[in-house]
Amino acid sequence: MEQKLWTKEFITISFVNFLLTMMYFLLMVTMSDYAVTTYGATVSTAGLVVSIFVLGCLVGRLVIGKLMDRFGLVQVLLIGLVGVVFISMGYFLTHSVATLLLIRILHGFTVGLVSTTTSTICVQMIPATRKGEGISYYSLSHVLSSAVGPFIGMLLTHFNHGFEWMFALNVVMVFVCIVIIKLVGLQIPHVEKAASNEQSNIWNLSSYIDKQAIPISLFMFAFGFCFSSVTSYLMLYGKETGLIDAASYFFFIHSICVICSRPFTGKVMDARGVNVVVYPCMLLFATGMFVYSQSTANWMVLIAAACMGLGFGNFNSAAQLIAVKNADPNRLGLATATYFMFLDLGFGLGPYILGHIIEGIGFRLLYMIASCIGFICIPIYYMIYGNKEKQAFIGG
């Protein structure tokens with residue numbers, strides 16, 4: 001008998017993740033503009049305002065393992081959400097770029113705690129035989145929010161006091177998440193903790209990072225770093241190439257492709273292993289970056305969006321499945337945190353570093369290099385993980 005996937009806990013945590021990630025993307029695409037228009041920040045400083053949030057997330061994920069062990073998943077989730085509410089109110093009190101940077105890194109820290117906890121809860125409650133399918137469906141909440149968030153953010157910028165409305169909406173949405181969690185009453189399956197020496201764990205790297213998750217997480221760092229060049233400079237590239245109309249639909253096409261393919265790829269991973277999804281996704285992502293670099297017509301931008309949606313969107317869920325599948329049951333939180341830490345690091349460093357590179361070599365050459373990185377990752381994945389996964393799946 002097939003184990004049930006769509007429980008009230010799974011639906012609740014997916015919806016909470018949708019709301020949180022929607023606010024993440026809403027602020028991510030508008031913060032650089034806010035820093036420039038409100039405080040007269042330079043473009044590089046505005047890029048730092050965007051990046052520092054993601055680096056705050058990274059720090060939050062780094063300490064999450066200890067907090068989960070001490071307080072439990074649901075308690076950490078609620079504490080983190082309360083923290084997000086109070087920190088978000090700080091946006092109304094900012095009066096300089098310095099205070100804005102402080103609020104951004106603290107906001108990122110609390111979001112890092114919350115998003116890692118929701119992902120860990122999701123992984124822990126999904127039946128073992130439906131892990132790929134479950135993670136794929138859960139990740140759809142992230143994909144939908146990546147389309148809805150930027151749309152709402154761009155819409156609100158046209159209103160009077162639009163940024164204040166964004167900050168208020170962020171507070172309200174997080175408060176709604178708290179109410180939903182309290183009303184539903186999440187029931188999380190208990191996982192036995194392995195016996196350990198608490199004293200020796202304090203300074204060990206393994207107390208904060210799951211070493212087994214590092215190889216696949218490095219790939220997500222590379223892909224996230226490359227993809228951040230698209231997400232951060234989409235509008236600027238569109239204006240430079242005269243393809244701004246197509247750029248406006250980029251995330252819509254990207255999201256549609258992921259939504260339509262994710263349920264299928266999840267079941268395929270459960271039935272035939274992750275390799276059958278990983279290799280085509282890497283190829284599609286690299287191809288999409290190449291087409292994007294050569295775009296001279298609107299249809300080329302839309303083709304690139306579709307390729308990157310199918311590639312990056314599905315590789316994301318496949319890589320997360322690899323990270324948690326190889327982890328010990330009592331280290332699912334650390335494995336999830338490690339995976340997202342590397343992804344955050346790629347997205348966090350990308351906008352700031354690549355912004356300087358673009359000034360020297362231009363957009364098209366940068367995207368060509370990003371495409372090459374994608375192609376190079378294919379044989380590296382085979383050597384580091386793909387061949388072992390193939391043998392393990394055949395042997396199983």
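Student: Okay, is Tyr34 buried or exposed?
Tutor: Bearing in mind that this is a predicted model, Tyr34 is buried, because its relative accessible area is 6%, and the cut-off for buried is under 20%.

Student: And how many aromatic pairs are there in the whole structure?
Tutor: A search of the whole structure gives 27 aromatic pairs. One of them joins Tyr34 and Phe163 in a tilted arrangement, with 4.8 Å from centre to centre and 55 degrees between the planes.

Student: Where do those two sit in the chain?
Tutor: Tyr34 belongs to helix H2, which covers residues 31–39, while Phe163 belongs to helix H7, residues 162–184, so that the pair links distant parts of the chain, 129 residues apart. Phe163 also counts as buried, at 13% relative accessibility.

Student: What about Tyr34 and Phe167, what kind of pair is that?
Tutor: Tyr34 and Phe167 are edge-to-face, with their centres 5.4 Å apart and 85 degrees between the planes. This pair, too, links distant parts of the chain, since Phe167 lies in helix H7 and Tyr34 in helix H2, 133 residues apart.

Student: Is Phe167 buried or exposed, then?
Tutor: Phe167 counts as buried, with a relative accessibility of 2%.

Student: Switching topic, which residues form one aromatic cluster with Tyr34?
Tutor: The cluster consists of Tyr34, Tyr39, Tyr91, Phe92, Phe163 and Phe167.

Definitions and conventions. Residues are numbered from 1 along each chain as its sequence is written. This is a predicted model: local features need pLDDT of at least 70, side-chain atom pairs count only at pLDDT 80 or more; totals for chains, interfaces and linings use all residues. Side-chain values use heavy atoms; hydrogens and water are left out. Rings of Phe, Tyr and Trp (its six-membered ring) pair if their centres lie within 6.5 Å; planes under 30 degrees apart count as stacked, over 60 as edge-to-face and the rest as tilted. Helices (H or I, at least four residues) and strands (E, at least two) are DSSP runs, numbered from the N terminus. Buried means under 20% relative accessible area, exposed over 50%, partly exposed in between (1.4 Å probe, protein chains only).
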